[in-house]
Amino acid sequence: MNAPKEISVKNKLLKGETGEWEIVIGMEVHAQVLSNAKLFSGASTEFGAEPNSQVSFIDAGFPGMLPVINGKCVEQAVRTGLGLKAKINLRSLFDRKNYFYPDLPQGYQISQYKDPIVGEGEVLIDLKDGESIRVGIERLHLEQDAGKFLHDQRPDSSFVDLNRSGIALMEIVSKPHMRSSEEAAAFLKKLRAIVRYLGTCDGNMDEGSMRADVNVSVCRVGGYEKFRQTGDFKHLGTRCEIKNVNSMRFIAQAVEYEARRQIEVVEGGGTIRQETRLYDSKVGETRSMRSKEEAHDYRYFPDPDLLPLELDADWVEGIRKTLPELPDEKKARFMAQGLSAYDASVLVAERELADFYEELATGVDAKAAANWLNNEILGRLNRDGLSITQVPVSAAANNAIIRMITDKTISGKIAKDLLDIVWTEGGDPRTVVEARGMKQVTDTGAIDAAIEAVIAANPDKVEEVKAKPKLAAWFVGQVMKQTGGKANPAAVNAALKTRLNLPDEG
Amino acid sequence: MSDLISMTLAEARDAIRAKTISSRELTAAFVGAIEKARPLNAFITEAGEKALAMAEASDKRIAEGKIGALEGLPLAIKDLFCTKGTRTTAASKILGNFVPPYESTVTQNLWDAGAVMLGKTNLDEFAMGSSNETSAFGPVFNPWRASNSNANLVPGGSSGGSSAAVAADLCLAATGTDTGGSIRQPAAVTGRVGLKPTYGRCSRFGIVAFASSLDQAGPMTKTVKDAAIMLRTMASMDPKDSTSVDLPVPDYEKLLEGGIKGLRVGIPKEYRIDGAPAEIDALWSKGAEWLKAQGAEIVEVSLPHTKYALPTYYIVAPAEASSNLARYDGVKFGYRAPGAHDITELYEKSRGEGFGAEVQRRILIGTYVLSAGYYDAYYSRAQKLRSLIKRDFERAFELCDVLLTPATPGPAFGVGAKTADPVEMYLQDVFTVTVNLAGLPGISVPAGLTANGLPLGLQLIGKAFDEATLLRAAQAVETAADFKHSPAKWWSV
Amino acid sequence: MSVDKDTVRRIAKLARLAVPETRLEPMAAELNGIFQWVEMLGEVNVEGVPAMTSVVAQKLKWRKDEVTDGAQADALMINAPEGEDHFFVVPKVVE
């Protein structure tokens with residue numbers, strides 16, 4: 001197994017007109033906290049409600065309104081920090097980030113500036129070639145989400161819905177440790193898996209509960225290594241921020257486009273302007289965000305309506321004890337049970353898949369279960385456009401099928417047919433096998449009888465096989481047909497060899 | 001009629017309980033007085049109809065024997081408290097015709113105790129001022145005039161409408177808010193009592209925020225006993241305010257008993273200001289004598305960072321205000337400027353037209369001191385000075401139980417007399433601002449008149465959450481001062 | 001600390017306050033009067049002094065994770081200068 005690398009390898013360079021370039025990527029992920037109510041008010045956080053129907057006067061910035069913190073959101077942030085193997089800061093402060101925008105009714109966002117609740121941590125990401133990379137986490141802090149706009153209702157107006165205003169977000173900031181679009185996508189995927197495992201965020205990017213701001217810069221070969229050694233950002237290129245990437249599919253594309261855009265600019269003699277950009281998936285390009293171009297002076301200062309957030313060390317330990325097994329640990333355990341690194345990572349990517357696998361593998365060979373899952377179940381799910389949570393045949397039922405293969409009740413081929421039957425018609429596999437007589441025939445008498453029938457019907461072939469022993473396979477096929485496919489192939493082979501006096505395979 | 005309205009809150013309370021007067025009678029008397037006192041401009045919103053309805057409901061409860069702590073007592077509310085269903089303006093154009101759909105905790109406490117609302121009193125816009133001259137609804141005039149003049153004087157600020165209403169017998173008592181002296185200073189220049197409780201004693205929920213770490217609601221009354229009664233109902237632990245303190249509310253009225261024998265009264269030497277009028281100093285010394293005569297021990301103490309308090313305040317308060325006032329943007333409520341072509345113009349015009357000059361000045365100061373490059377030199381430094389000022393008080397309180405100081409650097413001044421230079425106006429708070437910075441309780445008590453008949457007050461400062469001792473000491477000053485003066489009624493229509 | 005009219009213009013922009021061109025100089029003068037007075041804070045030695053981040057010596061209270069608020073779109077909109085279908089309406093914002 002590869003030990004996680006600190007600095008990524010050469011094959012991730014991009015070729016420009018004038019030479020090779022390194023990409024450097026950092027990410028700020030906004031993950032909506034799973035909680036019933038908002039961070040500082042008692043309004044609901046449910047998705048998809050009627051406009052402005054989940055808004056407290058606090059969320060709407062009305063006169064005299066004051067924030068009161070939701071303890072669950074604090075807990076979820078700590079839980080996430082622990083899942084990122086990060087330092088939990090027992091004392092943190094809330095600051096006001098001041099700016100004007102119609103989706104920000106208070107005229108400031110309550111966030112955390114210099115003293116966040118969670119400090120440094122890391123995320124391990126697995127890449128396709130089996131390589132493992134450590135991506136550092138700089139910090140995690142709690143902050144309020146802003147409202148939403150509708151821009152297409154009237155030509156000269158925008159409509160503001162404050163349902164989302166005040167919902168708790170965890171802003172997770174990575175260190176600039178990603179070196180390719182593949183790594184960026186893998187990081188986001190892993191982070192999403194971790195928070196879903198922890199139950200602290202549902203990671204539904206299409207509902208906006210997870211969004212990524214991706215920082216991309218390019219530099220000449222060697223620049224990144226110098227940066228890692230010195231910590232001096234001057235060795236890196238000017239970075240641009242691609243804001244609000246809200247789809248896993250687009251993240252790699254956006255990074256690729258932006259990196260190439262920057263290379264083109266620099267090779268063309270220009271300089272990169274530090275700016276915020278948006279990825280337009282329809283045309284596959286990033287473009288500058290007009291509204292964010294002016295320099296922002298956020299005038300951060302500690303929010304005087306709140307007191308410092310103080311955590312009890314025992315309470316944090318208590319949360320640590322309730323953490324579920326996380327993807328990395330689960331992967332290691334699956335590998336110890338005999339799965340390959342690749343197979344294990346595929347299974348742990350989604351907690352539901354891993355859980356399904358574990359139930360599936362109960363009391364049977366781990367590899368056999370993994371193969372069954374990969375080859376039979378995932379294929380059918382894909383074909384039918386279903387996710388693992390919608391699988392029509394339960395893990396327990398699939399487990400029964402595997403057991404029947406293992407104890408030779410049915411053959412592998414019959415098992416696939418059986419799965420097709422219960423997939424579309426439902427039912428208990430063991431019952432179906434009984435009802436439809438799908439049991440494998442191992443009874444030597446029946447096999448001998450079938451062999452006699454085939455021999456009797458094909459005397460010429462019997463002569464041929466004496467000269468060409470390989471024709472035995474044809475006989476096996478015939479005997480299988482004769483028994484309606486239920487004979488155990490190995491038993492048929494053995495019986496045929498004896499009956500036809502075939503030599504042992506060398 | 002005039003007998004009814006000149007009662008103290010305690011007297012009215014006893015009369016109502018004894019059923020010698022009804023709430024409706026009492027309320028009607030005040031409603032009438034308010035209508036006749038319009039030249040004072042003490043009220044932005046007169047709520048006569050609502051008041052009478054509340055009085056009738058109260059009388060019904062009294063008949064059923066359900067008598068709350070303030071049952072049937074008519075009060076005036078500073079128009080900074082959000083009152084559900086009644087327009088709330090913060091004396092600003094920018095709130096437009098905002099009618100709050102919620103009630104502030106402090107006023108809810110008053111209504112739960114059976115009190116009656118007469119109306120919303122005038123104030124400096126967003127509580128920023130010391131003379132009630134910055135209100136978008138016109139200045140308030142002090143019911144007091146100098147004996148030798150017909151000139152209109154200011155009632156102090158920012159709670160000028162409340163102080164005028166109390167002094168002119170337009171209510172039994174009023175609520176105010178105090179961020180740098182806005183209860184104590186107006187009370188002092190109108191010859192009445194004004195109490196700012198410890199920060200966190202009264203909830204800030206539903207009070208239009210000025211400077212969050214300094215604002216505190218408090219009672220403005222005719223007597224110290226009335227202030228004790230009001231505070232007991234106004235104060236509460238409020239889960240809706242994260243800075244509200246979880247301490248039980250004592251029976252302040254009961255705790256007034258006991259006298260002040262052995263009480264150590266500190267006299268901070270830095271409050272002796274060069275060039276202050278002789279009358280102020282003389283009254284201060286007299287105050288010490290009064291307390292000594294009742295058994296107190298007078299101790300000289302030092303609060304070395306006193307002179308830095310005002311400049312510290314004028315960094316911290318505007319900084320917090322600049323952020324608190326960002327929500328007034330013409331989008332969710334209040335004034336929206338017509339003719340804006342884009343969102344930036346909407347904000348700039350609405351706020352430029354909606355906020356008055358003093359508010360704009362303070363927003364600009366606050367924005368500047370928080371901006372990049374200045375935060376450390378100004379805001380951060382000012383917050384450290386607060387720690388030093390608080391530490392000064394803690395050290396002084398090792399040697400004494402309360403502090404005695406002048407309340408204001410002079411009596412009420414003429415309308416327009418100090419508006420030319422903002423700093424001159426800011427100096428009105430020189431004795432009061434330290435108390436807000438340290439989060440301590442302070443009270444001003446009427447102590448005497450100037451040579452030309454204008455009231456002067458004395459201030460007492462107490463330990464955190466020790467309003468009981470503070471009120472007892474204040475009552476001792478009140479007893480000795482025997483200030484029985486009321487302004488000659490020049491304003492009645 | 002001293003501000004000129006360009007600074008006032010910039011700060012007014014940050015604060016979204018329309019200050020008429022003619023008011024910029026007078027405002028700068030007024031602000032400078034205040035800032036000069038505030039300069040005296042520079043005299044004090046604040047080394048090692050903690051900033052007062054909270055006035056009350058109390059732990060921040062945590063609320064229970066229960067939905068106790070919202071569901072009041074009408075009340076929310078009733079004071080809105082411009083609203084439609086329970087949305088707040090503003091001039092078009094280009095993102």
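Which helix of chain B lies across β5, β6 and β16 of chain A? I looked this up first, keeping in mind that the model is predicted. The helix is α10 of chain B, residues 309-324, and it runs at about 60 degrees to β5(A).

**The sheet under the helix**

Next I went through the strands themselves. I find an open sheet of three strands in chain A, ordered β6-β5-β16, with antiparallel pairing. β6 (108-111) and β16 (301-302) are the edge strands, each pairing on one side only. I then checked how β5(A), residues 95-98, goes with β16(A): the two are antiparallel and share two bridges. For Arg96(A) I noted Phe301(A) as the bridge partner in β16(A).

**Chain A against chain B**

On the chain A side 28 residues are in contact, and on the chain B side 38 residues. Together the two chains bury about 2700 Å², and carbon and sulfur atoms give 62% of that. Who loses the most area in chain A? I get Pro63(A), Leu66(A) and Phe100(A), which together make up 22% of what that side buries.

I also looked for charges across the interface and got one salt bridge. Asp305(A) makes a salt bridge with Arg204(B), and their closest N and O atoms are 3.0 Å apart.

**Chain B against chain C**

The buried area comes to about 5000 Å², with 71% of it on carbon and sulfur atoms. In chain B the residues that lose the most area to chain C are Leu364(B), Tyr368(B) and Arg381(B), together 14% of what that side buries.

How many salt bridges are there between chain B and chain C? I count four. Among them I wrote down Glu30(C) with Arg361(B), where the closest N and O atoms are 2.4 Å apart.

**Cysteines**

My count over all chains is zero. I wanted to know why Cys73(A) is in no disulfide. The nearest cysteine sulfur belongs to Cys201(A) and is 12 Å away. A pair has to be within 2.5 Å to count, so at 12 Å from Cys73(A), its closest cysteine sulfur, the sulfur of Cys201(A) is too far for a bond.

Are these two cysteines buried or exposed? Cys73(A) is buried, at a relative accessible area of 0%. Cys201(A) counts as buried too, with 1% relative accessibility.

Definitions and conventions:
Residues are numbered from 1 along each chain as its sequence is written. Chains are lettered from A and ligands numbered from 1 in the order in which they are written. This is a predicted model: local features need pLDDT of at least 70, side-chain atom pairs count only at pLDDT 80 or more; totals for chains, interfaces and linings use all residues. Side-chain values use heavy atoms; hydrogens and water are left out. Buried means under 20% relative accessible area, exposed over 50%, partly exposed in between (1.4 Å probe, protein chains only). Two strands pair if DSSP finds at least two bridges between them. Helices (H or I, at least four residues) and strands (E, at least two) are DSSP runs, numbered from the N terminus. Contact means heavy atoms within 4.5 Å. Axes are lines fitted to C-alpha atoms, for helices over the stretch in contact, and angles run from 0 to 180 degrees between N-to-C directions. Buried area is the accessible area (1.4 Å probe) that two parts lose on being put together, summed over both. A salt bridge is a side-chain nitrogen of Lys or Arg within 4 Å of a carboxyl oxygen of Asp or Glu.
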